[in-house]
Amino acid sequence: MYRLRYLLSFLHFTVPCLMMAATAHAQQPRPDSVPPPAVRQLSEISVIQQKALVERKADRIIYNVSSSVSAAGANSLEVLARVPGLRVTDNMIGLAGRGAMKVMVNGRMVPLTGEDLQRYLKSMSAGEIARVEVITNPSAAYDADGNAGLINIVTRRDRNQGLSGEVQAGLKRADYGGKPLYGVSNYGTVTAGGNFSYNTNKWSWYGNLNYDHGRFLEGFGIDLSYPRRYWTQTDTGNYKVRNLNLVLGTDYKISQKTTIGFNYNGSRTAYIGDDHVNNPLYSTGHLPDSVLKTYATYKPVAWSNGLNVHLVTRLDSIGRQMSIDADYFNYYRTDKSDFESQRYNPYGELLPDGITRYFDTNKQAINIYTLKADFQWPTRFANYAFGGKLSFIDNYSNVFYYNNIKDQLIYNKALSNEYDYTENTQALYVSAAKEIGKWKLNAGLRMEATQTKGISHIQDQTNSNDYVKLFPSFSAIWNYTTDNHLAFTFGKRINRPVFWDLNPYKSLTTAYSYLEGNPYLQPEYNSNFELSHSWKQRFTVAAFLNITNNGFNRITIATEDDNTVFTTPVNFLKIYRYGLSASATVQPWSWLESTNQLTAYNTDANSSHPLIANVRGLGMYLSTNNNISLNSDKTWQVAVNGWYQFPEIDHNGKSDAYYNVDLGIKTLCLQKRLSIALNAADLLRSSASVVHYTYGNIKQTFTHFQVNRNVRLTLTYKLGQSSRKREVRNTGNNEERQRL
């Protein structure tokens with residue numbers, strides 16, 4: 001394809017020149033001259049070939065969303081769940097057998113985690129995404145955050161001259177069993193959005209807008225087996241969702257060497273609804289003892305605004321380059337809730353003084369400022385890269401609780417809190433890449449100095465940290481034949497606590513259970529080793545070792561005497577995970593492209609907590625992604641995808657097996673401008689996990705109630721140019737925006 005484009009460009013330039021020369025020669029008067037024939041210039045010819053679904057590079061795996069049938073009409077969280085090897089659960093997005101990964105969009109860390117991160121990703125349409133990059137060993141130029149590496153979602157950006165774009169609309173119907181729940185029988189989402197690009201020789205304008213509106217369920221369950229009692233809790237949230245995302249940006253080419261640009265990314269996310277909590281308590285012999293029922297309303301609304309200004313300039317003709325990024329990010333979230341807990345005896349009678357009512361408001365306001373400079377500096381000896389980054393984070397949050405007694409609100413100081421948190425980081429890095437014969441070497445070192453301070457005003461408590469850490473990275477690739485590559489990689493990374501986990505406030509779920517932050521929580525550190533062999537970038541086998549020091553996880557602490565249950569994050573783990581992985585991308589016939597992966601591993605999780613025992617065990621993950629073309633021009637395609645997660649060690653717990661099967665069909669019409677896709681996800685309603693823990697002599701089971709089975713219909717229409725060249729500008733506040 002590239003040779004053909006080169007030939008066409010060559011002919012496009014040379015043929016008019018030859019014709020001009022011939023015309024000039026023909027204008028000389030000759031007796032036998034005849035009028036020259038009329039000349040018609042052919043328009044440009046574009047030869048377009050669909051990219052492979054999965055591409056394997058030396059430092060990353062690329063999942064091309066435009067080549068995926070099952071991604072049509074999905075949101076970005078659903079797209080990540082279909083990337084081979086990536087595993088999406090309710091509390092984590094990670095690499096199978098390796099651990100959690102941080103998520104970036106166009107090189108910028110998404111400023112959320114856990115539930116908020118997943119809600120943000122659900123608001124981004126797959127139509128906005130060009131590809132997903134899974135980077136397991138980022139170089140020193142990247143922020144050091146991320147256990148098993150980084151996931152980079154690259155959005156679409158058209159570089160063709162003129163105006164082009166795409167509009168999309170979709171309808172998704174969720175299936176929770178076919179019965180009305182909480183008086184609602186129609187759970188689903190309507191989505192609409194589009195993107196545009198307008199380019200001239202000097203200017204480039206682009207934008208994305210996406211909106212979704214719907215209703216869904218989510219929840220979890222906890223079972224506690226005391227020596228003499230059995231306690232269980234189911235928590236189901238019934239929510240209406242309203243999401244709006246907007247991206248606007250421009251680049252201006254000052255000269256052939258220098259470009260400046262500006263980018264804005266804003267969103268508004270609202271999840272309005274109610275929680276239904278049921279807590280039966282059983283005595284010895286599983287006889288009913290009492291029941292606690294809680295109903296709570298929630299109105300979380302979040303706004304985010306991200307601004308980026310950047311400058312890129314080439315310093316000379318041999319490839320030396322400088323880029324500067326200045327970023328500002330603001331995240332503002334408010335919430336208020338009313339909830340009432342009612343306690344009943346085994347006969348369904350309300351107990352005296354069995355009603356507890358609260359009202360609470362909370363707020364989080366975060367401002368992040370970053371300044372980043374990077375240099376590319378090739379020399380005869382090696383290609384060097386170096387740079388630095390300054391980051392300033394200011395986070396204010398509060399939660400105010402009131403006892404609601406006969407509709408009179410009485411301030412509860414014991415539950416309330418105001419928290420100020422600041423974090424400043426200074427980073428420097430240097431790396432060098434060199435080719436020696438058949439070897440490609442890359443070594444880097446990143447230094448990050450961090451100062452943190454957290455002040456709990458109501459509790460009159462201050463916690464400070466000041467530390468400097470080094471993060472080396474190294475890779476060596478031996479291309480011992482044209483098709484065979486042997487590689488060794490090493491990297492050290494950090495996983496900093498999210499801001500909510502550092503806040504020592506209590507978030508009530510019932511009158512007897514709550515979540516609580518830990519201001520003493522420290523970062524965890526990860527060392528990742530991998531030795532891999534690849535053949536033709538289609539077949540890869542790897543052996544890996546991941547070591548986590550000072551690891552943290554949320555633990556649930558239960559007190560049998562008063563039935564109090566609370567969950568808090570604690571540093572107490574050292575984890576060794578080692579295993580083998582194999583992947584194959586094959587095309588045995590022209591109509592079938594199949595990507596398959598197998599990862600088998602062993603996990604040793606060693607606990608320093610006196611009431612939590614060491615756990616160890618084997619795990620295995622299987623996945624297959626298959627695109628099937630029903631005709632020769634690939635205007636009709638079918639997708640059959642699935643994965644199976646065998647039982648494994650999850651931090652200090654053991655999970656049951658869970659799995660997923662998806663089907664989809666897609667057709668192109670109107671000269672391939674209109675795409676119609678019908679997809680069915682999680683056909684067996686089997687993609688939610690169940691994890692078992694033990695704390696002291698109390699056995700615990702945590703069950704996710706996420707039901708992902710749905711059917712969605714999506715229509716997408718392309719505007720303007722049919723061939724696309726996409727280019728993305730990364731910005732500078734990568735790490736900080738992950739941790740809100």
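**Sheets, rings and charges**

Author: Gladly! Let us begin with an open sheet of 6 strands, in the order 1-2-8-9-6-7, with mixed pairing. Please keep in mind that the model is predicted.

Reader: What makes strand 1 and strand 7 the edge strands of that sheet?

Author: Strand 1 (54-56) and strand 7 (108-109) each pair on one side only.

Reader: How do you know that strand 8 and strand 9 pair?

Author: Two strands pair if there are at least two bridges between them. Strand 8 (residues 129-135) and strand 9 (residues 150-155) have 6 bridges, in the antiparallel sense, so they pair.

Reader: Which strands make up the open sheet with antiparallel pairing?

Author: That sheet has 3 strands, in the order 3-4-5. Strand 3 (86-88) and strand 5 (99-100) are at its edges because each has a single partner strand, which leaves one side of each without a neighbour in the sheet. Strand 3 is joined to strand 4 (residues 93-95) by 3 antiparallel bridges, and Val88 is opposite Ile93 of strand 4.

Reader: What holds strands of a sheet together in general?

Author: They pair through backbone hydrogen bonds, in a parallel or an antiparallel way.

Reader: How many bridges join strand 13 to strand 14?

Author: There are 22 bridges between strand 13 (residues 230-253) and strand 14 (residues 258-283), and the two run antiparallel. Strand 13 and strand 14 form a hairpin, with 4 residues between them.

Reader: What else pairs with strand 14?

Author: Strand 16 (residues 301-314) pairs with strand 14 over 13 antiparallel bridges, including the one from Asn265 to Gly306 in strand 16. Strand 15 (residues 287-298) also pairs with strand 14 in the antiparallel sense, over 11 bridges. There, Asp274 has Thr297 of strand 15 as its bridge partner. Strand 14 and strand 15 form a hairpin too, with 3 residues between them, and Gly285 in the turn has a positive phi of about 80°.

Reader: Now to the rings. Why is the pair of Phe400 and Tyr411 called tilted?

Author: The structure holds 31 aromatic pairs, and this is one of them. The ring centres of Phe400 and Tyr411 are 6.4 Å apart, and the cut-off for a pair is within 6.5 Å, so they count as a pair. Their planes are at 55°; stacked needs under 30 degrees and edge-to-face over 60, so the pair is tilted. Phe400 is in strand 19 (residues 383-405) and Tyr411 in strand 20 (residues 408-436), 11 residues apart.

Reader: Why does Tyr411 count as partly exposed?

Author: Its relative accessibility is 40%. Buried would need under 20% and exposed over 50%, so Tyr411 falls in between. Tyr411 also belongs to one aromatic cluster with Phe359, Phe400 and Tyr402.

Reader: What makes Phe490 and Phe529 a tilted pair?

Author: The centres of Phe490 and Phe529 lie 4.8 Å from each other, with 35° between the planes. Phe490 is in strand 23 (residues 484-495) and Phe529 in strand 26 (residues 524-535), so the pair ties together parts 39 residues apart in sequence.

Reader: Is Phe490 buried or exposed?

Author: Phe490 has a relative accessible area of 19%, and the cut-off is under 20%, so Phe490 is buried. Phe529, at 29%, counts as partly exposed.

Reader: How do you know that the charged end of Arg98 sits over a ring?

Author: The charged end of Arg98 is 4.0 Å from the centre of the Phe544 ring and sits over that ring. The distance cut-off is within 6 Å, so 4.0 Å meets it. Lys293 has its charged end over the ring of Tyr344, 5.8 Å from the centre.

Reader: Why is Asn208 called buried?

Author: At 6% relative accessibility, Asn208 is under the 20% limit, so it counts as buried. Asn208 is in strand 12 (residues 203-225). Beyond its neighbours within four places in sequence, its contacts include Glu128, Arg156 and Asn245. For the protein as a whole, 52% of the 740 residues count as buried.

Notes. Residues are numbered from 1 along each chain as its sequence is written. This is a predicted model: local features need pLDDT of at least 70, side-chain atom pairs count only at pLDDT 80 or more; totals for chains, interfaces and linings use all residues. Side-chain values use heavy atoms; hydrogens and water are left out. Buried means under 20% relative accessible area, exposed over 50%, partly exposed in between (1.4 Å probe, protein chains only). Rings of Phe, Tyr and Trp (its six-membered ring) pair if their centres lie within 6.5 Å; planes under 30 degrees apart count as stacked, over 60 as edge-to-face and the rest as tilted. A charge sits over a ring if NZ of Lys or CZ of Arg is within 6 Å of the ring centre and within 35 degrees of the ring normal. Contact means heavy atoms within 4.5 Å.
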